[in-house]
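Subject: Structure for you to look at

Hello,

Here is the structure I said I would pass on. Please open it first, then read the notes below with it on the screen.

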Protein chains: 4
Amino acid sequence: MQILQQQLPTGHGAVLTAYLQQVGGEFAPLARRPAVLVLPGGGYQMCSDREADPVALAYLQAGFQAFVLRYATGAQAAWPHPLEDYEAAAALIRSHADDWALYPDKLVVIGFSAGGHLAACAAAMAGQRPNAAILGYPVIDKGTVEAYLPGAPDAAKAVDEHTCPCFVFAGRDDTTVPVANTLAWLEALTRYDISYECHIYSQAGHGFSTGESFLGTQGLCSRAPHWVSDSTAWLRDVFGDFSGGALTAPRCQARVNGNRESAYNVDCTLGYLLQSPAAAVIQPLLQPLLARLHLNALPASLSGLLFRQLAGMIALPPEQLAAIDTALHAVPKQQTGGDTPC
Amino acid sequence: MQILQQQLPTGHGAVLTAYLQQVGGEFAPLARRPAVLVLPGGGYQMCSDREADPVALAYLQAGFQAFVLRYATGAQAAWPHPLEDYEAAAALIRSHADDWALYPDKLVVIGFSAGGHLAACAAAMAGQRPNAAILGYPVIDKGTVEAYLPGAPDAAKAVDEHTCPCFVFAGRDDTTVPVANTLAWLEALTRYDISYECHIYSQAGHGFSTGESFLGTQGLCSRAPHWVSDSTAWLRDVFGDFSGGALTAPRCQARVNGNRESAYNVDCTLGYLLQSPAAAVIQPLLQPLLARLHLNALPASLSGLLFRQLAGMIALPPEQLAAIDTALHAVPKQQTGGDTPC
Amino acid sequence: MQILQQQLPTGHGAVLTAYLQQVGGEFAPLARRPAVLVLPGGGYQMCSDREADPVALAYLQAGFQAFVLRYATGAQAAWPHPLEDYEAAAALIRSHADDWALYPDKLVVIGFSAGGHLAACAAAMAGQRPNAAILGYPVIDKGTVEAYLPGAPDAAKAVDEHTCPCFVFAGRDDTTVPVANTLAWLEALTRYDISYECHIYSQAGHGFSTGESFLGTQGLCSRAPHWVSDSTAWLRDVFGDFSGGALTAPRCQARVNGNRESAYNVDCTLGYLLQSPAAAVIQPLLQPLLARLHLNALPASLSGLLFRQLAGMIALPPEQLAAIDTALHAVPKQQTGGDTPC
Amino acid sequence: MQILQQQLPTGHGAVLTAYLQQVGGEFAPLARRPAVLVLPGGGYQMCSDREADPVALAYLQAGFQAFVLRYATGAQAAWPHPLEDYEAAAALIRSHADDWALYPDKLVVIGFSAGGHLAACAAAMAGQRPNAAILGYPVIDKGTVEAYLPGAPDAAKAVDEHTCPCFVFAGRDDTTVPVANTLAWLEALTRYDISYECHIYSQAGHGFSTGESFLGTQGLCSRAPHWVSDSTAWLRDVFGDFSGGALTAPRCQARVNGNRESAYNVDCTLGYLLQSPAAAVIQPLLQPLLARLHLNALPASLSGLLFRQLAGMIALPPEQLAAIDTALHAVPKQQTGGDTPC
């Protein structure tokens, strides 16, 4: 492993530290690794060492290349300086994909507290969007962020359909950043059909980082340190797992349904399809089913079902499913405008 | 272990099955056990066996007495019949505390899907309130419950300050009961300062029960089955753990702060105390602290801090803390009316 | 679930309790379950309740049918009475395979302390051999068993090539049954190429059963209770896992190599094959390999390698591997007599 | 974190790499950390990168200072060169205790395969004994080590009463280093009353390092990667856990009884005391107990009990226990010569 350090050219004193692991040699056929960019917390006043190296080490152990960004804080922190630092760091990392032996499209950002706000903004509004985001007891909403960095945005309000899958954790009993921030983020992701995983621990307070005892985290409930291994397991689902030098196909998609794709498709929900011009494509299949169940219309309890799931239930042959998918793609997509197409 | 079965007198055909474990004898000094009441799901149309015995077994193994309630469903289900069945079951269980060797004040209710709706209503509005509640992929909001049992209440709207601590889990990708139901419940608990723990798994779908493979739950993400052991660990925090035949003191309180107690106290948040007549009690201590930090007023980022935590930070002697607590109790409590006193 | 109880006809007062779970119905396509037979400890003086139901519950939760055998103890215990009770119980269980919905060839026996001695004897010398065995802090060797039941056999000495795969756990600091008993068992299994898994915990003492706190097991190291979930995971490897109502193919074979099969085969070790008449079959393939490595003979460090593993390393085409397997089978097997053919 | 590299002066080309984490500052009150010295495997022909950094990272994450020793291999490996390199590395690490912020008496050595042989020799025969040792699929016995480094000693034969507590893990199905090596080590530790923990996984093969998927370890059973977190939990028992900048008292002692202390004491076993001149001290207490149980002599099943445990069972007052301990210390210790005093 080697450690590199680099000042970023954004002019706010930001420094990127890289922890780069070997590929090839005895690690062959491994040729690249996914990468993690750590954004420590510190209320936009400082970048806490407790949420820097200890976090990078967890992902290094899981096989990642790891980076710690000490972004603009204190007098330098005026928004959007921290986000500019993130953009520069992410661009730099991706531009070094070959020599630093990493996958440029497997970059996960992880942020804590104020760093969680920055990671959330990266996920929701950056030019250099991360491919996955992990937020630890994040600052999200306007009310809370104003206490730390006046003028910084409400991250939940910025969520859009290009926001990456997220893993979020927090302590219910956090008296520094209320857990309502986490809930606000989940609601925004839910509204945009984004995949996520969330763990809220009954007793964890604020700032527990990896929960290791050397960090002085006595008093945590037994579950709180689990986020570390849970997050690496989740990343294996989202990015794929190491196998024979490459990554396997992801098990977890970025969105929970196909409603926001550019065309209608078999991963859309029944409710969404039936309220669209694509209804005509699936009605011929749906009507006999409903008739057999003595129903006039799709019951509300089934409106969230994906067409693909329905196809599985009725053992629709794959080629018929493919044909329907093709037919759905051919229907011109109606603009829904708002943020809740289903 | 013995199994008892009893028809409930509510007139809707409800049946309570009891799984009763031994105390005393070789289990001495164990004299009582906490109890769990399982409410299976099934859309208020039936009570699923998949969410009955397999769940009871998990808590039996952890040392609990276990009960399965097959409540009113189908033609019998008109609200509030299911809740009446719960009330009768809980009353019966508590009335048998001595002969069934259980703690009547350590009764946890666990419900799944529609049974999760019933468990949530038990927690929020029953006469026989449970002492803890575990909700699995629960139906909560009006929109969803109407699809299953028209006329049943929105459980989140019923939450009050006497609602017990909750453990909630769900799949993000649930296409039967949208995860927004779980979020609605968390928001209500948050508003009322109720303790909780929550695990939302990226890929778990609906109806995975304990996640054991014999239930046909292929496709779950690796974290989904963890709720079982996480929930028993959480119950040890909330109820106390077995030790020498008794239960230790709980580590986790029912509410995250003292704002909703009948008197002001040192577990109230600073923000809450400062906006109340009790401000006069803590100002003499707070003012010099702020002055030392060159602050005129408490920064917003500290308003969620409990007075007890502040006391710990400044190493206030315990007797001084106790004196302040006494002084706070003496201030007449102002009625705040609404649901968000902080 | 239903509970049945049955006196065994062996005349020593033995009683079998059956805990039978549902199949079919909502559990369809599940039609059968593997079965576990619990043999509690108690120094052949009694059968401890602490190692009866709490253990059965762990495997019930994992989907098994469970049985507790209260075998001959005290005045009735004269060897081989307890083993006769085991034989009768196992025969009864297997004869009820259809009506009790279990796999007669997936019967695991689990015993603790003196019950671990009985389970070990069942695995090594019974007529009704179990298909897997789990031994908790077992009495094994002559020196120890004599203190509890004079005349009972040294279980390790009885191990033969038909002994089933074993999962063994114990406390290093056991002052009742020395951990040397566990080691003696492992050595015997090793000598006969039997598969096993073993966990010896630094601090667990004796008699900790499942390690649940209601059993009064304070003072255990944090790893000790893991044997429960580790053993069910191991059983999924040995028996196969539930999938679509059937069990998948086992991942873990009963023996670690093919040396003790009735014919030579590609799962034999290189060292074993080279010292046998089968050497002629593999020499034509091996010689050029060694020549390429500038070696005259197989290095000792490679003698434990299975031929199949070597084939994988040199990417031998499957059909060539199959041809060699056929050729090996055709070589008449030499009797080795002793117990260490490799 | 910083990385230092240093050639050792032993003349065999050995190199020590140090990974040093911060103390003080935001990590205050943490002032020192325990240390781990990693000895990679490679058959004494090379030091495998796969068992170097990935292992160091696991202990760095747990709060340790970490070191990787690339000891003499290949042409340089003639015994005792590798052990000389270990001695030099351990001496260097301990001499830098202050500037590298580590506890010189909390140095754990971890070795794999041939590195496990070296770690075992360090534990059993070095001048610079480690304070704990972790051995992964180690080469131990003469038969096996001769295949890799002719002339190197049988590590099990070297075990003495000053050998440190050990954590050992291996795969049952290891075809490179037979699991009998691990058993030989456990037997030696058992004979000398040394504390240990051991995990033998049914399917893990050889060389799985931390078991992380990026190492190409497909095919491991699900338990195999658990040794990593189990070993850090065990180290917290043996060294104490971080708390307020210091380490708590260890929960796990280096030996399982007091039989090998320089004086008789209440942690000796009853069997050992009764066969020694110290019997006179405990007989007055023991005799009435046995009489009450209608026994003439201590039953064999109780001979392994510590006197301290007996005292607990009969609720002997602490001051009486202390008095007996003093009386035991006063009896001149008899030399037993052999290696099995109990």
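The model is predicted. I began with the place where chain A meets chain B: across this interface there are 4 salt bridges. One of them pairs B:R223 with A:E197, and their closest N and O atoms are 2.9 Å apart. The interface of chain A and chain B also has 17 residue pairs in polar contact, counting pairs with both residues at pLDDT 80 or more. On the side of chain A that touches chain B, at least two residues come from each of α4 (142–148), α6 (180–191), β8 (196–201) and α7 (227–239) of chain A. Sorted by class, that side of chain A has 21 nonpolar, 13 polar and 9 charged residues.

The contact takes in 43 residues of chain A and 42 residues of chain B. Between them, chain A and chain B bury about 3300 Å², and carbon and sulfur atoms give 50% of that area. A:R172, A:T175 and A:R223 supply 21% of the area that chain A buries against chain B, more than any other three residues.

Strands meet here too. β8(A) is joined by 3 bridges to strand β8 (residues 196–201) of chain B, and the two run antiparallel. In this pairing, A:C198 stands opposite B:I200 in β8(B).

Next, the salt bridges in the other chains. Side chains of opposite charge can pair when their charged atoms come close. Over all chains, the count comes to 48 salt bridges.

Which residue does D:D237 form a salt bridge with? The partner is C:R223, with the closest N and O atoms 2.8 Å apart. D:D237 lies in helix α6 (residues 227–239) of chain D and C:R223 in the loop between β8 (196–201) and α7 (227–239) of chain C, so this pair joins two chains. D:D237 counts as buried because its relative accessibility, 7%, is under 20%. C:R223 is buried as well, with a relative accessible area of 1%.

Another salt bridge, between C:R308 and C:D267, has its closest N and O atoms 2.7 Å apart. This pair links distant parts of the chain, 41 residues apart: C:R308 is in helix α10 (residues 307–313) of chain C, and C:D267 is in the loop between β10 (246–247) and α8 (270–274) of chain C. C:R308 is partly exposed at 41% relative accessibility, and C:D267 is partly exposed at 24%.

Regards

Terms used
Residues are numbered from 1 along each chain as its sequence is written. Chains are lettered from A and ligands numbered from 1 in the order in which they are written. This is a predicted model: local features need pLDDT of at least 70, side-chain atom pairs count only at pLDDT 80 or more; totals for chains, interfaces and linings use all residues. Side-chain values use heavy atoms; hydrogens and water are left out. A salt bridge is a side-chain nitrogen of Lys or Arg within 4 Å of a carboxyl oxygen of Asp or Glu. Helices (H or I, at least four residues) and strands (E, at least two) are DSSP runs, numbered from the N terminus. Buried means under 20% relative accessible area, exposed over 50%, partly exposed in between (1.4 Å probe, protein chains only). Contact means heavy atoms within 4.5 Å. Buried area is the accessible area (1.4 Å probe) that two parts lose on being put together, summed over both. A polar contact is a pair of N or O atoms within 3.5 Å; within protein, one must be able to donate a hydrogen and the other to accept it, and residues adjacent in sequence count only if both atoms are side-chain atoms. Ala, Val, Leu, Ile, Met, Phe, Trp, Tyr, Cys and Pro count as nonpolar, Asp, Glu, Lys and Arg as charged, and the others, Gly among them, as polar. Two strands pair if DSSP finds at least two bridges between them.
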